[in-house]
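This briefing covers selected surface and sheet features of one structure. Please consult the sequence and model shown here before reading the points that follow.

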Amino acid sequence: MPRLSIQLASALTGLILLAGCAATSHPLAPQQLGQPSSSAALEQKLTQPGPIALQSINSADWAVPLAGLLNLKRPAAVAAGLQNRDEPIQVYAHLLKHPQYGYFLVDTGVSQALLDDPGKAGLSWLIRKVMPIEKMQIRKSTAEILRDINGQLNGVFFTHLHFDHISGMPDIPASVPLYIGQRESSQAEVINLFVQGSTNALLAGKQALQEWPFQPDPQQQFDGVVDVFGDGSLFAISVPGHTAGSTAYLVRSTQGPVLLTGDASHTRWGWDNGVEPGDFTRDNDANLRSLQQMKALVARYPQIDVRVGHQR
């Protein structure tokens, strides 16, 4: 190959690596659910009983490096003497039953098929090498969760598209609508060069992704708030940082308000001490800002039950 062609090829490769690629090439569809709202509208509802039955289900036990779950460089982590180690965590699916609209999941839990044959389920050799799948133990598979509901599943609300949050997709019926935060699937990142294929495989044959219609929060308490059903029973909250489109959910449950943080806060220690996730996070400073916004909400309304991404 002529020297100029070699140089051009090297330059193009460098540009591709620098730009990265989207998390998935799975198609997007026009948004059919949710309307822009505000933190004021959300907070106005918090003192009123909610209509949604909520069950947080531990789908699998796992253990991963603490340095991924917590930013060990933050002063609070340093002061606590935290060192990297394997940290026990859980992989959750949150089952919602709305009295009018039926059953929905926040994230998917884990499919037994993914553990039985990760390669066939779509996980690349790189993900299987980097993420210790062999340490994952199923407690209740996604298929078992779906078998227990008295009705059909009407949607999945993702906190984000990392593989442990979409690892139940092999069991999700192809007809079920899927909802994500803005730019969650399309934001270009270098890491996506290595994970896009696995994400595409887990989403293959499923419905196109729908983005929540976030608009700037008039009160500037969050980046954006969406009233999912239009009745103030469930709010999607934009909490970017862990990923570009990370989304938390405020559920007005029959037991009181519940905040599902997603991986904007992986661990109970991280939540209690205001330390965001570490190596697993795209933008630590943005993630910390989102974490602080959620903690400020809970400080104003301490009756909120906080359920972090991967611990009880």
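V190, I191 and F194 make up a nonpolar patch on the surface, with about 270 Å² of accessible area together. The model is predicted: local features need pLDDT of at least 70, side-chain atom pairs count only at pLDDT 80 or more, and totals for chains, interfaces and linings use all residues. Residues are numbered from 1 along each chain as its sequence is written, and side-chain values use heavy atoms, with hydrogens and water left out.

**Surface patch**

- Patches consist of residues with over 30% relative accessible area and no salt bridge; like charges are joined within 9 Å, and nonpolar side chains (Val, Leu, Ile, Met, Phe, Trp, Tyr) within 5 Å.
- A salt bridge here is a side-chain nitrogen of Lys or Arg within 4 Å of a carboxyl oxygen of Asp or Glu.
- Accessible areas come from the Shrake-Rupley method with a 1.4 Å probe, and for residues only the protein chains shown count as cover.
- V190 lies in the loop between β7 and α10 (192-203); helices (H or I, at least four residues) and strands (E, at least two) are DSSP runs numbered from the N terminus.
- V190 is partly exposed, with a relative accessible area of 36%; buried means under 20%, exposed over 50%, and partly exposed in between (1.4 Å probe, protein chains only).

**Seven-stranded sheet**

- Seven strands form an open sheet in the order β5-β2-β3-β4-β6-β7-β8, with mixed pairing; two strands pair if DSSP finds at least two bridges between them.
- β5 (137-138) and β8 (209-211) stand at the edges, each with a single partner strand, so one side of each has no neighbour in the sheet.
- Strand β7 (residues 178-180) pairs with β8 in the parallel sense over three bridges, and the bridge partner of Y179 in β8 is Q210.

**Strand β12 and its partners**

- Four of the five residues of strand β12 (residues 256-260) are buried, so this strand is largely enclosed by the rest of the structure.
- Strand β11 (residues 247-253) pairs with β12 in the antiparallel sense over five bridges; V251 has V258 as its bridge partner in β12.
- A hairpin is formed by β11 and β12, with two residues between them.
- With strand β13 (residues 305-307), β12 pairs in the parallel sense over three bridges, and L260 has R307 as its bridge partner in β13.

**Loop residue G230**

- G230 is placed in the loop between β9 (225-227) and β10 (234-238) and is partly exposed, with a relative accessible area of 39%.
- G230 and K120 are 110 residues apart in sequence and 39 Å apart in space, C-alpha to C-alpha.
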